[in-house]
Amino acid sequence: AAAATASAFAAAQYASQTASRVRTMAQEGPLSMRALAFLSGLAMAVASALDFLNSVLRFSVGRVAVSVFVFSASVVMMALEGRGFVPQFLIRKIQGPLYENAKFLRGVSGRGAFYFFAGLLQFLHWSFLNVISGGVAMFVGSLFVAAGRSAGPKLGALRAAVTDEGQLRSLFAQHDTDGDGFITAEDLERLVGTLELEFNRNECVAAFAAMDGDDDGKVSLEDFRVWWSGAEVGVVDQTMV
C-alpha cells in the first residue's frame with residue numbers, strides 16, 4: 001500500500017510539473033489542441049491510477065477493468081500528442097505499433113473519437129476527479145473531431161490554390177524562414193495566410209498533421225509535395241483531417 005501511495009504521489013508531482021510547462025506554452029503563444037490533449041491524457045492517467053487502487057481495495061472487478069483501459073488510453077493520448085513533453089525515442093517506439101494496428105489514430109478526427117470514448121468511460125465513474133478529467137477529455141475529443149472535419153475542405157482549397165509545382169516550391173522556400181529545408185505549423189499558418197485562406201489555429205494544427213507523416217513537428221519540401229500531388233488523399237479521406 002505504501003509503495004502504491006508513493007507511486008501515486010510521484011505521478012501527481014509529474015502532472016503538476018507538466019501542467020506548469022503547458023501554462024508556460026500558453027503564455028508564450030496559443031495553446032494548441034495537441035498540448036491540451038496531452039495534459040488531458042496526463043490528468044486521466046493520474047485519475048485512473050488512483051481509481052484503480054481504490055477499485056482493488058474494494059474488490060470491484062468491473063471498475064478495475066475500466067480503470068486499466070482508461071489508463072492505457074491515456075498513455076496512448078500522451079504518446080500521440082506528447083511531442084515536446086516526452087522523449088522522442090519513447091514516442092516513436094509507441095507510435096509505430098499504434099499506427100500499424102489502429103490506423104484510425106493517424107487521423108485527427110479518428111483520434112478525437114477515441115479520446116471522447118475514453119473520456120466518457122472515465123466520466124461515468126462519477127467521482128469528482130473522474131468527472132473533471134473525463135469531461136475535459138470528452139471536450140478535447142470533440143475539438144479534434146470538429147477541427148478534423150472543418151480542416152478537410154480547407155485543405156482541398158489549399159491544394160487547389162497551388163497551381164503548379166513551381167509555385168509550391170516558391171511558397172515553401174518563402175516560408176522556410178530559417179532555411180533548414182522544413183516548415184513548422186507556424187510557418188504553415190503564415191503560408192495559408194499568404195494565399196488568403198482562412199484557417200483557425202486548430203485547423204492549422206490538423207492540417208499540419210496531415211502533412212507531417214512522421215510526427216516530428218516539421219514538414220519537408222518532399223512531404224509538402226507528396227501531400228499536394230494527392231498521394232495522401234486516401235489518408236485524408238480516412239479522416240486524417
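The dialogue below takes up helix packing, salt bridges and a surface patch.

Tutor: With the ground rules. This is a predicted model, in which local features need pLDDT of at least 70, side-chain atom pairs count only at pLDDT 80 or more, and totals for chains, interfaces and linings use all residues. Residues are numbered from 1 along each chain as its sequence is written, and side-chain values use heavy atoms, with hydrogens and water left out.

Student: Which residues of helix 8 are buried?

Tutor: Buried means under 20% relative accessible area, exposed over 50%, and partly exposed in between (1.4 Å probe, protein chains only). Helices (H or I, at least four residues) and strands (E, at least two) are DSSP runs, numbered from the N terminus. In helix 8 (residues 185-194), the buried residues are Ala-185, Asp-187, Leu-188, Leu-191 and Val-192. Viewed down the helix axis they fall within an arc of 150°, so they line one face of helix 8; the arc is that of the directions from the helix axis to the C-beta atoms.

Student: What do the buried residues of helix 8 pack against?

Tutor: Contact means heavy atoms within 4.5 Å. The partners are helix 6, helix 7 (165-175), strand 1 (182-183), helix 9 (201-211) and helix 10 (221-229). Just after helix 8, Glu-196 takes a positive phi of about 60°.

Student: How many salt bridges are there?

Tutor: A salt bridge is a side-chain nitrogen of Lys or Arg within 4 Å of a carboxyl oxygen of Asp or Glu. The count is nine. One of them joins Glu-186 and Arg-201 (3.3 Å, N to O). Glu-186 lies in helix 8 and Arg-201 in helix 9, so this pair ties together parts 15 residues apart in sequence. Arg-201 also forms a salt bridge with Glu-189, with the closest N and O atoms 3.0 Å apart. Glu-189 lies in helix 8, so here the parts tied together are 12 residues apart.

Student: Where do Arg-225 and Glu-222 lie?

Tutor: An α-helix has 3.6 residues a turn, so residues three or four places apart point the same way. Arg-225 and Glu-222 are both in helix 10, three residues apart, about one turn of the helix. Their side chains meet in a salt bridge (2.8 Å, N to O).

Student: Which residues form the nonpolar patch on the surface?

Tutor: Patches are made of residues with over 30% relative accessible area and no salt bridge; like charges are joined within 9 Å, nonpolar side chains (Val, Leu, Ile, Met, Phe, Trp, Tyr) within 5 Å. Here the members are Leu-50, Phe-128, Leu-129, Ile-132 and Val-136, with about 460 Å² of accessible area together (Shrake-Rupley method, 1.4 Å probe; for residues, only the protein chains shown count as cover). Helix 6 (residues 128-161) gives the most, with four residues.
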